[in-house]
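Hi there,

Here is the structure I promised to pass on to you. Please have a look through it first, and then read my notes below.

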Amino acid sequence: MENWFKKDLETVLAQKAQLPHAMLIKGPRGIGKLGFGLALTQALLCEKPAADATACNACNACNWFASGSHPDFRLLAPMSESAEAESEEGAKKGKASPWISIEQVRELHDFINVSSHRGGRKIILVAPAEALNVNAANALLKSLEEPPALTYFILISHRPHRLPRTIISRCRQLNLLPPDRATALAWLGKQGVEQPEVVLAQSSGAPLLALAASAGEELAGRRDFLRAIASTDFDPLTVAETFRDLPLERFINWMQKWTYDVVILRMLGEIRYSPDFKRELSATAQRIEPLAALRLHRKLVREQRNIHHPLNVRLYIESVLLAYSALVNPSRKAA
Ligand SMILES: [Zn+2]
């Protein structure tokens, strides 16, 4: 869970003894509601909770929860990747189905009606709740109306207006707000997001949305960069100029992963980081002297670990690219 929800979590947990059987956690998209719901669930299942009632992260229950195998927990999500469930784009892409089906709700029947494995609470997390189709919502409503003892429903939604009133009326509502701007910017900075102000603004202040958007851009940047250095006769100075705005951290990260792949492809026939560049990596791996490539890779790993910004980033990038180019084109070394 993101730390900006710490207080909200403590507030809910302080009333643990009078926990409602159904809660609706709502708020804008991309602020971390799912993480909050999971943290709340774990805290409620934890068998040795801390003084503030948050999860201990050490007991059997916490370990099972972390490995996704707690017998008293069910996640009800569309049959697409649940990580995408909070994003509208993810739902639109429609991997399998964007809906939670009535079959999925029916499959919960035994779970709901049999007593818990650990003698504590049973929890069903529904995310996003608006993905329940009409039939699924009606089926779920029956359980919400007469919840068996120690059975709790946590619904998560950024579009609660799409939920049937009958469902909403059964839930205690909790409204989560985005973090303040400074907190969001600091968090994005820690995730290595470039220009956090810009992406945060474009994401209406929702940090997780901003992170996802920036990851998309980073992916495109990586592809362009790898294409440039994958060409065996690339010119280091031209590449340095083309990617002059690339953050140093990202440059070192990409170069160290690329050289790693080149070396292990040559020596072990494997690719770890860039299977999408298999053809280019194979062509490069045949041209290099593996030990020299390994030396460059190790140097980059060291520099990535204790990154210090050289006075002249451009010169540094040029020198790495020149060294790499000499590996790929040994004849250039003399030049
Ligand atoms: Zn625990």
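**What I found**

Beyond its neighbours within four places in sequence, Ala43 is in contact with Leu13, Pro49, Ala53, Thr54 and Ala55 (contact means that the C-beta atoms of two residues, placed from the backbone, lie within 7 Å). Residues are numbered from 1 along each chain as its sequence is written. This is a predicted model, where local features need pLDDT of at least 70, side-chain atom pairs count only at pLDDT 80 or more, and totals for chains, interfaces and linings use all residues.

Ala43 is found in helix H2 (helices, H or I, have at least four residues and strands, E, at least two; both are DSSP runs numbered from the N terminus). Ala43 counts as buried because it has 23 C-beta neighbours inside 10 Å (buried takes 20 or more other C-beta atoms within 10 Å, exposed 12 or fewer, partly exposed in between, with C-beta atoms placed from the backbone).

The largest nonpolar core has 43 residues (such a core is a set of buried Ala, Val, Leu, Ile, Met, Phe, Trp, Tyr and Cys residues joined through C-beta atoms within 7 Å). H2 gives the most to this core, with 8 residues. Another core, of 24 residues, lies apart from it and includes Trp258 and Phe277.

How confident is the predictor? The pLDDT, its confidence in each residue from 0 to 100, averages 89 for the protein, and 94% of the residues score at least 70. Over residues 81-95, though, the pLDDT is below 50. Where pLDDT is low, the predicted coordinates should not be read in detail.

Best wishes

Note on methods. pLDDT = per-residue confidence, 0-100.
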